Structures are given as C-alpha cells and as structure tokens.
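Dear colleague,

Here is the structure I said I would pass on. My notes on it follow below.

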Amino acid sequence: MKGLHHYQGVYAATVCPMDESGRHIDETNLIAHLKRISHVPGIRGLLINGHAGENFALTLEEKRRVITLARQVCPPETVLVAGLNAEDSYDAQAQADDAKAAGADALLLFPPYSWSLSTDEKTVLNHHRIANVNACLPMMLYQAGVSCGGMAYSPNLLRQLVCLPHVVAVKEGSWETATYEANLRLVREVAPHVAVMASGDEHLLTCFTLGTDGSLVSLAAVVPELVVALYNAVQEKNLEEAQRLHQFVYPLAKEIYGTWPGTHANARLKACLYLAGHLPHAMPRPPVPAVDDEQRERLAAALTFAQSFTVTS
C-alpha cells in the first residue's frame, strides 16, 4: 500500500456536468473537465464522485462510468480517488468493487446522511469494514463539519477509524480550526502513517499553516492554479506570499461554501465553471436548482477577482 508521501499535494474534487435537464451526464464536457484539471501542474490527483460530483444523486452505473472516463483521459500518474456515498453498507461495497474495476487508485468513504441524526461507533466501524472488504483499496476517511451531528466523528471514534486496515488518509472537513488542529494532532499521534488532508476551503491558509500532508478540495476544480500556488507558498514557508494569495481565495470560497444552503455548493461550483467558459450551462441534478441571477453575479465578481491573482515568488 502507498505510504504517507503518496497522498501529499493538491487533489481536486471534480464536478459532474449534466445535460440541460439535469437528467443525464454530459460526457463530452465531463471529459473536457477531467482533462483540464488533471493536466494543471501541481494537481496530484482527483476526487471523482465526491460531494462536488453529486455522488448522492448518481446511480451505481453512472458512478462507474465517471471513474472509467477519468481513468481513460487523465494522465496515468494522476491518483484517482473514488467517492463512496451510500446508506447501505453493501451498496457502498458494490461501489467500491466497481471503482476498483474501473481503475480507481483509492476510495473515500463518506458518512451516510442519516448519521447526522444519530449513530453509534459500532455502526460506523461496520460500515467502513464492509465497504472495502472486497476491494481492499487504500481508503480515505471523511471527517465532516462540526455541525453535522454523527457525521462528524468524535475523537475516540476517529482514533479507531484511522487504525483500520487500508486507511491511508483523512479528508479533514471539520470546518472549525480548533477541531482541525485537535484531529491533526490525534492522527499524527496514533496513526502517523495516515495523511491528514485539509478540505476547509474557506480556511485553507489556516489549515495549511497549522500543518497538512495534502489537500483535497473542490475549489481546486475551479481555480486549480490558485490553490496550488497557496499550498506551495506554505510548503516553502513563505507566509507573506501565502497571506497575499489567501486574499484572492477567500471571497470565492466564502461565496461558494459560506452561503446558505451548504448542500447547493455543487450548483455554485458549476456556475463558476460556466462563468469561466468551461461548461455550456450550470445545471445540477434535481432537486438541487441552478443558482439564481443574483447569486450568479456575486459568484462572477468573486471568480474574476480570484482569477486575477499572480505568483510573485
């Protein structure tokens, strides 16, 4: 199994373009999107079928197809991480088996949405064990935001999860700085072989500065060069440059992720890609609606500002 170093660097969580009805995947624009992001210097890998890729709305066949296309069109060195999102552990297992057959290099297992109501440790551990029992691929955990109920793993549960076989990384999305640092310290103490990958788009600078082994974020599917530049500045210990780049990152991250409801972030990402000329329209899969004109204007202003950055290294 690949070690810690293998999961360093910036990973982009990609979107899944749809046709104008939102009913069918637009494969032509999906291929173009995957090609464009995976060829950006500094992009180490892609998260396919993540929240940004509407994994909660795709069928098993569609998820398999997205991974198959990604493996066909991305450079062979691109690490492909397949997102698994299922309420049923055997559904998650089928997704893992499909992902491996389609060419995924690793898995990211999302906590089922029902856990936001409540769950227990045995349920969570069972889900992670069952999902990967056949595929036995390197597996990433998803640490959800502190406001997400049982989807946000407690320190004791996280301690057990990172010690499971095949776990290689944590996509740390607590969205709260103190919790991020506590989880980072916990993982480095009990499972130093497991990478901690910052994914709080609104506070990437803070997470990068506290310490991260890599980053797995959907913002890197919209402005990949900017996210890579920020990551590199912190790795080079150039805090002044990192702070300057953060000024370009923050307004766009805030507009995409800090706007209610958070479940519509995928629609905002697509709106940004449409505004940038990379998609013919910005339709998500229903029931999530496309963004309205007022928000599209705010996104356009934030995107234009983010794209105006320059590297001064």
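The model is a predicted one.

On that numbering, threonine 14 sits in the loop that links strand 1 (9-13) and helix 1 (27-38). Is threonine 14 buried or exposed? Its relative accessible area is 2%, and buried means under 20%, so threonine 14 counts as buried. Apart from neighbours within four places in sequence, threonine 14 is in contact with His33, Leu34, Leu46, Leu47, Ile48, Ala52, Gly53 and Ala221.

The other part I looked at is strand 3.

Strand 3 has two partners to describe. With strand 2 (residues 43-48), strand 3 runs parallel, and 4 bridges join the two. In this pairing glycine 45 is opposite valine 79 of strand 3. Between strand 2 and strand 3 the chain passes through helix 2 (residues 60-73), in a β-α-β crossover that is right-handed.

Strand 4 (residues 106-109) is also parallel to strand 3, and 4 bridges join them. Here alanine 82 faces leucine 107 of strand 4. The chain goes from strand 3 through helix 3 (residues 89-102) to strand 4, and this β-α-β crossover is right-handed.

Regards

Conventions
Residues numbered from 1 in each chain as written. Predicted model: local features only at pLDDT ≥ 70, side-chain atom pairs only at ≥ 80, totals over all residues. Heavy atoms only, no water. Buried < 20%, exposed > 50% of the residue type's maximum accessible area, 1.4 Å probe, protein only. Contact = heavy atoms within 4.5 Å. Pairing = 2+ DSSP bridges. Right-handed = clockwise from strand over helix to strand, strands pointing away.
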